[in-house]
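I open this notebook to record what I looked up in a structure that was new to me. The entries go from the whole chain to single residues.

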Amino acid sequence: MPRVRFVQQDGSGKSIEVGRDVSVMLAAVRNGIHGIDGECGGCLDCATCHVYVDEKQASSVPQPSEEELELLSAVSGERKPNSRLSCQLKVPASLDELVVHVPARQS
């Protein structure tokens with residue numbers, strides 16, 4: 001089963017098994033990952049599930065949609081080239097584990 005590794009600002013991390021069809025945000029919320037709020041429940045409406053895809057894996061995930069890019073312009077944490085909304089991310093079939101870094105703040 002694929003995994004998502006959530007890395008916090010202090011470098012600590014937690015790896016969670018997820019199904020291929022489960023979003024990174026849903027996995028975080030279900031497992032109490034600090035710093036992933038997901039206030040809209042994954043409806044692409046709030047940007048409180050902002051993460052940074054590990055730079056080594058950024059090319060392995062699909063490009064963000066125009067709607068996601070628009071919401072990324074409103075994130076509270078620093079926006080980076082590898083910024084994504086975790087409600088729009090799933091572990092790609094090409095990876096056994098997707099690594100995401102949690103920003104310092106969401107709102």
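**Entry 1: overall form.** What radius of gyration would a compact globule with 107 residues have, and what does the protein have? I note first that the model is predicted. A compact globule of 107 residues would have a radius of gyration near 13 Å, and the protein has 12 Å, so the two agree. I then looked up the extent of the C-alpha trace, which spans about 35 × 25 × 25 Å along the principal axes of the protein.

**Entry 2: elements.** I counted 2 helices and 5 strands in the protein. Starting at the N terminus, I read the order of the elements as β-β-α-β-α-β-β. I also looked up how far apart in sequence the contacting residues are. Of the contacts between residues at least 6 apart in sequence, 63% join residues at least 24 apart.

**Entry 3: surface and charge.** I recorded that 45% of the 107 residues count as buried. The protein exposes about 5,800 Å², and 44% of this area is supplied by carbon and sulfur atoms. For the charges, I found 11 positive and 15 negative side chains. The centres of these two sets lie 5 Å apart.

**Entry 4: the core.** Which residues have the most contacts inside the largest nonpolar core? I list Val4, Phe6, Val24, Ile36, Leu85, Leu98 and Val100, in a core of 27 residues. The elements that give two or more residues to this core are strands S1 (3–7), S3 (50–53) and S5 (97–101), together with helices H1 (24–30) and H2 (66–72). H1 gives the most, with 4 residues.

I then took Ile36 from that list and looked up its contacts, leaving aside neighbours within four places in sequence. Ile36 is in contact with Met25, Ala28 and Val29, and also with Thr48, Cys49, His50 and Val51. Ser86, Val102 and Gln106 are in contact with Ile36 as well.

Entry 5: Is Asp37 buried or partly exposed? Asp37 counts as partly exposed because its relative accessibility is 35%, which falls between the limits of 20% and 50%. Asp37 and Leu71 are 34 residues apart in sequence, and their C-alpha atoms are 15 Å apart in space.

Leu44 has its place in the loop between H1 and S3. I noted its backbone angle: Leu44 is not a glycine, yet its phi is positive, at about 60°. Most residues other than glycine have a negative phi. Leu44 is buried, because its relative accessible area of 17% is under 20%.

Ala47 also lies in the loop between H1 and S3. Its phi is near 65°, again a positive value in a residue other than glycine. Ala47 counts as buried, with 5% relative accessibility.

**Entry 6: what surrounds Ala47.** Which residues does Ala47 touch, not counting those up to four places away in sequence? I found Leu71, Val75, Leu85 and Gln106. Ala47 and Leu85 are 38 residues apart in sequence, but 6.4 Å apart in space, C-alpha to C-alpha. I note that Leu85 is also one of the residues with the most contacts inside the largest nonpolar core.

Technical notes: Residues are numbered from 1 along each chain as its sequence is written. This is a predicted model: local features need pLDDT of at least 70, side-chain atom pairs count only at pLDDT 80 or more; totals for chains, interfaces and linings use all residues. Side-chain values use heavy atoms; hydrogens and water are left out. The radius of gyration is taken over C-alpha atoms; the globule rule is 2.2 Å times the number of residues to the power 0.38. Buried means under 20% relative accessible area, exposed over 50%, partly exposed in between (1.4 Å probe, protein chains only). Contact means heavy atoms within 4.5 Å. Accessible areas come from the Shrake-Rupley method with a 1.4 Å probe; for residues, only the protein chains shown count as cover. Lys and Arg count as positive and Asp and Glu as negative; His and the chain ends are not counted. The place of a charge is taken as NZ of Lys, CZ of Arg, CG of Asp or CD of Glu. A nonpolar core is a set of buried Ala, Val, Leu, Ile, Met, Phe, Trp, Tyr and Cys residues joined through side-chain atoms within 4.5 Å.
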